[in-house]
Amino acid sequence: YVFRLSYSSAQVTKPFGLWMAKNAPKSIYILASDYVTPHEYEAAFKDGFLSGGGTIVGEADPPFATTLDYGPYLSQAKAANPGGIFAVFFASEAITFVKQYDSFGMKSSIPLYGAIDFTAPVLRAAQGADALDVITPTNYVAELNHKENVEFRTAYQAKYGEDPEEFSVMGYDAVRYIIEAVKARGGDTADRPGLVSALEKVAYVGPRGPMKMGANHGVTQNVYIVKTVKKGDGVGFDVIDTYPNYEDPVKGCNLR
């Protein structure tokens, strides 16, 4: 009875590792906050990057929530002479890391890459121009220009006065999946196996792009590679590549 309309750590990060192996420097240093979620992103990134022929020249995991100065870790990373750095930090840690990376002058010589939400729109006011040129993966950005997203973005802006983010879209899609399944069942929600079967069959093109349910009840969706660029008086995203219809590469689940 569980369906995931968001993403797993691997779904958004393994294809980014594959993309970097083809399009980024071949030697990467990893810096990630030391707790479970960043470690999952690290593992998925390595899976893609190493299988694509990349090389990890070093890695470090600064303590979570207590690291205020990333200078020693940045110096250690620079000494390893990597072609680029892949960083996994979120929220206030992402703000601090991005600003310190730029202030250390490293971005001009060592390009910076990050996991999803490393340069999220909610962090833009704080990160500002320090986030320019950082490349990350995501499952949605407001800048997508296909018809379904233009309509969704316009309606969302009219209702809330701001652009939607991936959490807005994932909430929308979760409810839409339920509605589509209930409609397909003619309103019958008492037959639970029937409702599950209907949910498994829901497919449409939405704000994110094509949507369908994978065999493991995780949504199959596009994974976008985006770059933070200057837009008007602020920053925004350019979509530079897409991994279409990417299914969650789940491992080891035997619940069914």
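Predicted model: local features only at pLDDT ≥ 70, side-chain atom pairs only at ≥ 80, totals over all residues.
## Other salt bridges

Across the whole structure, a search finds 13 salt bridges. Side chains of opposite charge can pair when their charged atoms come close. In helix 6 (residues 147-160), Lys-147 and Glu-151 lie four residues apart, about one turn of the helix, and their side chains meet in a salt bridge with an N to O distance of 3.0 Å. Lys-147 counts as exposed at 53% relative accessibility, whereas Glu-151, with a relative accessible area of 45%, is partly exposed.

Helix 7 (residues 166-184) holds both Glu-180 and Arg-176, four residues apart and thus about one turn of the helix from each other, and the side chains of these two residues meet in a salt bridge at 3.4 Å, N to O. Glu-180 is partly exposed at 25% relative accessibility, and Arg-176 is partly exposed with a relative accessible area of 23%. Elsewhere, Arg-185, Asp-188 and Asp-191 are linked in a network of salt bridges.

## Aromatic pairs around Phe-86

The count of aromatic pairs comes to 17. One of the pairs is formed by Phe-16 and Phe-86, whose rings are tilted, with 6.1 Å from centre to centre and 45° between the planes. Since Phe-16 lies in helix 1 (residues 9-23) and Phe-86 in strand 3, the pair ties together parts that are 70 residues apart in sequence. Phe-16 counts as buried at 0% relative accessibility, and Phe-86 is buried too, with a relative accessible area of 0%.

Phe-86 also forms an aromatic pair with Phe-45, and here the rings are stacked, with their centres 4.0 Å apart and 10° between the planes. Phe-45 lies in helix 2 (residues 36-51) and Phe-86 in strand 3, so that this second pair ties together parts that are 41 residues apart in sequence. Both Phe-45 and Phe-86 are buried. Ring pairs link Phe-16, Phe-45 and Phe-86, together with Trp-19, Phe-49 and Tyr-113, into a cluster.

## Helix 3 and its buried face

Helix 3 (residues 71-79) has Gly-71, Leu-74 and Ala-77 buried. Seen down the axis of helix 3, the buried residues fall within an arc of 125°, and they therefore line one face of the helix. These buried residues pack against strand 1 (27-32), strand 3 (84-88) and helix 4 (91-103). Just after helix 3, Asn-81 takes a positive phi of about 55°.

Phe-90 lies in the loop between strand 3 and helix 4. Because the cut-off for burial is under 20% relative accessible area, Phe-90 counts as buried at 19% relative accessibility. When its neighbours within four places in sequence are left aside, Phe-90 is in contact with Tyr-35, Thr-37, Pro-38, Tyr-41, Ile-116 and Asp-117. The C-alpha atoms of Phe-90 and Leu-123, which are 33 residues apart along the chain, are separated by 9.5 Å.

## Charges over aromatic rings

The charged end of Arg-124 sits over the ring of Phe-237, at 4.6 Å from the ring centre. In another such arrangement, Lys-159 lies over the face of Tyr-160, 5.7 Å from the centre of that ring.

## The hairpin of strands 8 and 9

Strand 8 (residues 219-231) and strand 9 (residues 234-246) run antiparallel and are joined by 10 bridges. Among the paired positions, Ile-225 has Asp-241 in strand 9 as its bridge partner. The hairpin formed by strand 8 and strand 9 has two residues between the strands, and within this hairpin Gly-232 takes a positive phi near 60°.

Definitions and conventions
Residues numbered from 1 in each chain as written. Heavy atoms only, no water. Pairing = 2+ DSSP bridges. Buried < 20%, exposed > 50% of the residue type's maximum accessible area, 1.4 Å probe, protein only. Arc of directions from axis to C-beta. Contact = heavy atoms within 4.5 Å. Phe/Tyr/Trp six-rings, centres within 6.5 Å; stacked < 30°, edge-to-face > 60°. Lys NZ or Arg CZ within 6 Å of the ring centre and 35° of its normal. Salt bridge = Lys/Arg side-chain N within 4 Å of Asp/Glu carboxyl O.
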